[in-house]
Amino acid sequence: MIRTNYSGSKCPKCQQSAFEMVEETPNNSNFILHFIRCTSCKTTVGVLEYFNIGDLVKRLMKKVDS
Ligand SMILES: [Zn+2]
């Protein structure tokens, strides 16, 4: 896994620049989400959908085409 942070993004809490992605299901939610969080203090800086919607659409379009 590539660990280098080329963009220079920093954690708003501890100013570290290493992030990780973890699966999370928030309370009262049926959805699995991917949280992007700081590797050192675990502050969440972003949330992504578990499924890659872009890839899903691409594959659906291929099916529709054929
Ligand atoms: Zn942090």
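Mentor: Two strands count as paired if DSSP finds at least two bridges between them. Keep that rule in mind here. The model above is predicted.

Trainee: Let me start with the overall layout. In what order do the elements of the chain run from the N terminus on?

Mentor: The order is β-β-β-α. That makes one helix and three strands in the chain. The radius of gyration is 16 Å, well over the 11 Å that the globule rule gives for 66 residues, so the chain is more spread out than a compact globule. Along its principal axes, the C-alpha trace spans about 50 × 35 × 20 Å.

Trainee: What share of the 66 residues is buried?

Mentor: Buried residues make up 3% of the chain. For that label, a residue needs 20 or more other C-beta atoms within 10 Å of its own.

Trainee: Now the sheet. In what order do the three strands lie, and is the pairing parallel or antiparallel?

Mentor: First the general idea. Strands of a sheet pair through backbone hydrogen bonds, in either a parallel or an antiparallel way. Here the sheet is open, ordered 1-2-3, with antiparallel pairing. Strand 1 (19–24) and strand 3 (44–49) are the edges; each has a single partner strand, so one side of each has no neighbour in the sheet. On average, neighbouring strands are turned by 25° against each other, direction ignored.

Trainee: How many bridges join strand 1 and strand 2?

Mentor: Six, in the antiparallel sense; strand 2 covers residues 33–38.

Trainee: How should I read a single strand residue? Take Glu 20 in strand 1. Is Glu 20 exposed or partly exposed?

Mentor: In a regular strand, side chains alternate between the two faces of the sheet. Then count neighbours. Glu 20 has 13 other C-beta atoms within 10 Å. The exposed class stops at 12 or fewer, so Glu 20 is partly exposed. Setting aside neighbours within four places in sequence, Glu 20 contacts Arg 37 and Thr 39. Lys 10 is 10 residues from Glu 20 in sequence, and their C-alpha atoms are 12 Å apart.

Trainee: Last point: confidence. Where in the chain is it lowest, and where highest?

Mentor: Where pLDDT is low, predicted coordinates should not be read in detail. The chain has a mean pLDDT of 88, and 92% of its residues reach 70 or more. Confidence is lowest in helix 1, with a mean of 88, and highest in strand 2, at 94.

Key. Residues are numbered from 1 along each chain as its sequence is written. This is a predicted model: local features need pLDDT of at least 70, side-chain atom pairs count only at pLDDT 80 or more; totals for chains, interfaces and linings use all residues. Helices (H or I, at least four residues) and strands (E, at least two) are DSSP runs, numbered from the N terminus. Axes are lines fitted to C-alpha atoms, for helices over the stretch in contact, and angles run from 0 to 180 degrees between N-to-C directions. The radius of gyration is taken over C-alpha atoms; the globule rule is 2.2 Å times the number of residues to the power 0.38. Two residues are in contact if their C-beta atoms, placed from the backbone, lie within 7 Å. pLDDT is the predictor's confidence in each residue, from 0 to 100.
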